[in-house]
Amino acid sequence: MNNNTRKTILSGMRPTGKLHLGHWTGALENWVALQESYNNYHLVADYHALTTNLDTSELYQNTIDMVIDWLAAGIDPERSPVFRQSQVKEHTELHLIFSMLITKARLERNPSVKDQVRDLNIENIIYGHLGYPVLQAADILLYRGDLVPVGEDQLSHVEITREIARRFNTAWGDVFPEPQPKLTKFARLPGLDGKDRKMSKSMNNTILMSDDEDTVMQKLRKAPTDVEKVRRNDPGRPDVCLVFTYHEKFNPADIPEIREGCESGALGCVDCKKRCATAVNTFLAPHIERRRKYEEHPTLVDDILRDGEDRARETAAETMTAVRNAMKLG
Ligand code: TRP
């Protein structure tokens, strides 16, 4: 397909450092697949990181760590610019204009910010945090994104983006598409602690995309399994077992046999976990191979960002010209 007739995808993540398998199943896997048939922009939401953490001392390193994980996963920076939001000034400009198009009450109703306020025990929300989805709308619409690959938790932000696009177009003329969310297929990946919550750095229950073979083996060895399968030959219940979920995702070919072995008692948990670790390691091997180059030469990542930022700026500037023309500003 010609690049000009392709639809545009804008994907973004906050730079929280090294990524884990949950990021793969929830987002990255989708990003990599989508590069085949869309124009993609991959944004590092470093301004968004400030909404919950003013300590910027690790922001740059966290960005580099995350971008290496993207590249190791197969994101191709030549096809799809990889860039930091903070390096493209148009984000702040469009954010300001958009902030005139949405009410404070609407933002206060946004469930995902409400959840964060509750989870982080925030008593008095800052203005920029309340405006989180407004900045996200600017991220998406600056590149006139048609599609946004997201998990369930981000649907409300895409909805706000659509509202803002409509309001802009009504007030000043058709500049923006109304982007659609593109939900990721695989449900959230549970964390290694088996407490039925998702894999997350703050819960310390992750397998990192950068973990080596031994680390994966050690981490899985400690993972809980079906509590009723006490001895090796006891029959187990794969459907309540965390390790089985990982098999389903990373070792699908062996599923019938593992189910059978677990249920009949022929397969013990120790062996089952070893096989799971091997499957995860096999999955991670090409990532580890691809990341080596960037770990040995970190300046390559700086170059990729700089190049992505130049290209992002070009598109962003074009959109801002259209915005200013439509608004008769300047
Ligand atoms: N809010 C997103 C998250 O926490 C990150 C993000 C910022 C984003 N800007 C975006 C995602 C634009 C998609 C599109 O995951």
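Predicted model: local features only at pLDDT ≥ 70, side-chain atom pairs only at ≥ 80, totals over all residues.
**Main core.** I started with the nonpolar cores. The largest one has 45 residues, and Leu21, Leu28, Trp70 and Leu220 make the most contacts inside it. I then checked which elements give two or more residues to this core: helices H1 (21-34), H3 (59-73), H10 (213-221), H11 (242-250), H12 (255-264), H13 (269-296) and H14 (299-327). Domain 1 (3-189 + 298-327) and domain 2 (211-290) both contribute residues, so this core sits between them.

**Trp70.** I looked up what Trp70 touches, skipping neighbours within four places in sequence. The list is Met13, Leu19, Leu28, Trp31, His42, Leu43, Val44, Ile75 and Val82.

**Second core.** There is a separate core of 35 residues, and I noted Ile97, Leu101, Ala137 and Phe168 among its members.

**Ligand shell.** Next I went to the ligand. Around it I found Leu10, Gly12, Arg14, Leu43, Ala45, His48, Tyr132, Gln136, Asp139, Ile140, Val148 and Gln154. Leu43 shows up here and also in my list for Trp70.

Which side chains have polar atoms facing ligand nitrogens? Gln136 puts a side-chain N or O atom 2.8 Å from a ligand nitrogen, and Gln154 has a polar side-chain atom 2.9 Å from a ligand nitrogen. For Arg14, I got 3.5 Å between a polar side-chain atom and a ligand oxygen.

**Burial.** I also checked the ligand's area: 370 Å² is exposed when the ligand is taken alone, and the protein buries 91% of that.

**Elements at the site.** Strand E1 (8-13) and helix H8 (132-142) each give two or more residues to the shell. H8 has the largest share, with four residues.

Methods:
Residues numbered from 1 in each chain as written. Heavy atoms only, no water. Core = buried A, V, L, I, M, F, W, Y, C linked by side-chain atoms within 4.5 Å. Buried < 20%, exposed > 50% of the residue type's maximum accessible area, 1.4 Å probe, protein only. Domains from an automatic or database assignment. Contact = heavy atoms within 4.5 Å. Near = heavy atom within 4 Å. Polar contact = N/O pair within 3.5 Å; in protein donor to acceptor, adjacent residues only side chain to side chain. Areas by Shrake-Rupley, 256 points an atom, 1.4 Å probe, with all protein chains shown as cover.
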